[in-house]
Amino acid sequence: DIFLETRNLKKVYPDGTEALKNITLTFNKGELVSIIGPSGAGKSTFLRSINRLNQSSSGEVIFQNEQITNVKGKKLLLVRRQIGMIFQDFNLIKRSTTVRNVLHGRLGYMSSLKGAFGKFSEEDVKEALAILRRVGLEDHAFKRADELSGGQQQRVGIARAIAQKPALILADEPIASLDPSSSSNVMNYLKNISEEDGITTIVNLHQVDVAKRFASRIIGIKAGEVVFDGKPNELNEQR
Ligand code: ADP
Ligand code: ADP
């Protein structure tokens, strides 16, 4: 049974940059993996090749026993619904309320049909509130996203991702713009949710200490190649 695997994954950008050289990795159900490496190592390109925000140049991505390397159209949308994304800059709809941002995760394209001001059902709102409780934001449910602190906004990002009921969460430098205390807070929520819901979570980080503290497995990437894959306590600083 394959949860997620990449085989000989390569990405060459149009300008010739070899961002991923040959990435073969296996991810298991429920694990919290941190990908670490210097800026420009290929971490972001790797995550984007999995959910296909980026088309890889060659190699394969297998997700829940399915070859998804070249899926298109409706099939690709179905794959993406299984994958929650969390971004460095939160990517919230700033002038929308917290609850509405979360419903964008739960309802996907349906919520875009309802637009920025459409009415959601009471049941939808109830479910969004229950999810917001899980990230400690029930008291901020009807505030605009841009009234929240950075750490709170990223917790909305987490809530929106889990509202999708994903099998996989990909978080690209989720704490890069947060202070240390908000960072720990956000990482704690990610870890708890990953454990409680059995969601495989892959988090790009450039802070090795944070990766060691929260991840069950660390993958080091340098210049588009895997240079480490193991338990946090096996990682020494000679990289
Ligand atoms: P990281 O997330 O580890 O900082 P990236 O995946 O963003 O690394 O980048 C890997 C390499 O690919 C870098 O050399 C970067 O400059 C290059 N790169 C990223 N995006 C593009 C792009 N759209 N076009 C050309 N080169 C890119
Ligand atoms: P709106 O701009 O339509 O008020 P909100 O994002 O504030 O949108 O709210 C989203 C949904 O939650 C709406 O369908 C609205 O009916 C409902 N709602 C708004 N405020 C509350 C509240 N205080 N308690 C429960 N439901 C609310």
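These are my notebook entries on a predicted model, taken up by topic.

**Conventions**

I number residues from 1 along each chain as its sequence is written, letter chains from A and number ligands from 1 in the order in which they are written. Since I am working from a predicted model, local features need pLDDT of at least 70, side-chain atom pairs count only at pLDDT 80 or more, totals for chains, interfaces and linings use all residues, and side-chain values use heavy atoms, with hydrogens and water left out.

**Confidence**

I looked up the scores before anything else. pLDDT is the predictor's confidence in each residue, from 0 to 100. The chain has a mean pLDDT of 93, and 94% of its residues reach 70 or more. For the model I noted an ipTM of 0.76 and a pTM of 0.89.

**Ligand 1**

Helices (H or I, at least four residues) and strands (E, at least two) are DSSP runs, numbered from the N terminus.

Next I went through the polar contacts. A polar contact is a pair of N or O atoms within 3.5 Å; within protein, one must be able to donate a hydrogen and the other to accept it, and residues adjacent in sequence count only if both atoms are side-chain atoms. A polar side-chain atom of Thr45 is 2.5 Å from an oxygen atom of ligand 1. Polar backbone atoms also take part: that of Gly40 is 2.7 Å from a ligand oxygen, and that of Ala41 is 3.1 Å from one. Of the 560 Å² of accessible area that ligand 1 has on its own, the protein covers 61%. Accessible areas come from the Shrake-Rupley method with a 1.4 Å probe; for residues, only the protein chains shown count as cover.

**Ligand 2**

I found 8 residues around ligand 2, of which Thr97, Arg100, Phe120, Val125 and Phe142 come nearest. By class this shell has 5 nonpolar, 1 polar and 2 charged residues. For Phe120 I noted a backbone N or O atom 3.2 Å from an oxygen atom of ligand 2. Ligand 2 exposes 530 Å² when taken alone, and the protein buries 57% of that.

**Strand S8**

I asked how many residues of strand S8 (200-205) are buried. The count is 6 of 6. Buried means under 20% relative accessible area, exposed over 50%, and partly exposed in between (1.4 Å probe, protein chains only). Thr200, Ile202 and Asn204 point one way from S8, while Thr201, Val203 and Leu205 point the other way.

I then checked the neighbours of S8. Two strands pair if DSSP finds at least two bridges between them. S3 (residues 32-36) pairs with S8 in the parallel sense over 5 bridges, and Ile35 stands opposite Asn204. S7 (residues 168-172) also pairs with S8 in the parallel sense over 5 bridges; there Leu168 stands opposite Thr200.

**The open sheet**

I traced an open sheet of 4 strands in the order S2-S1-S4-S5, with antiparallel pairing. Its edge strands are S2 (18-27) and S5, each pairing on one side only. S1 (residues 4-12) is joined to S2 by 6 bridges, and Glu5 has Thr26 as its bridge partner in S2.

**Single residues**

Most residues other than glycine have a negative phi. Arg52, in the loop between H1 and strand S4 (58-63), has a positive phi near 70°. Arg52 counts as buried because its relative accessibility is 11%. Gln64 also has a positive phi, of about 50°, and sits in the loop between S4 and strand S5 (66-67). With a relative accessible area of 32%, Gln64 is partly exposed.

Last I looked up Arg81, which is in helix H2 (residues 73-81). Its relative accessibility is 33%, so Arg81 counts as partly exposed. The C-alpha atoms of Arg81 and Ala161 are separated by 9.6 Å, with the two residues 80 apart along the chain.

Terms used. Near = heavy atom within 4 Å. Nonpolar A, V, L, I, M, F, W, Y, C, P; charged D, E, K, R; others polar.
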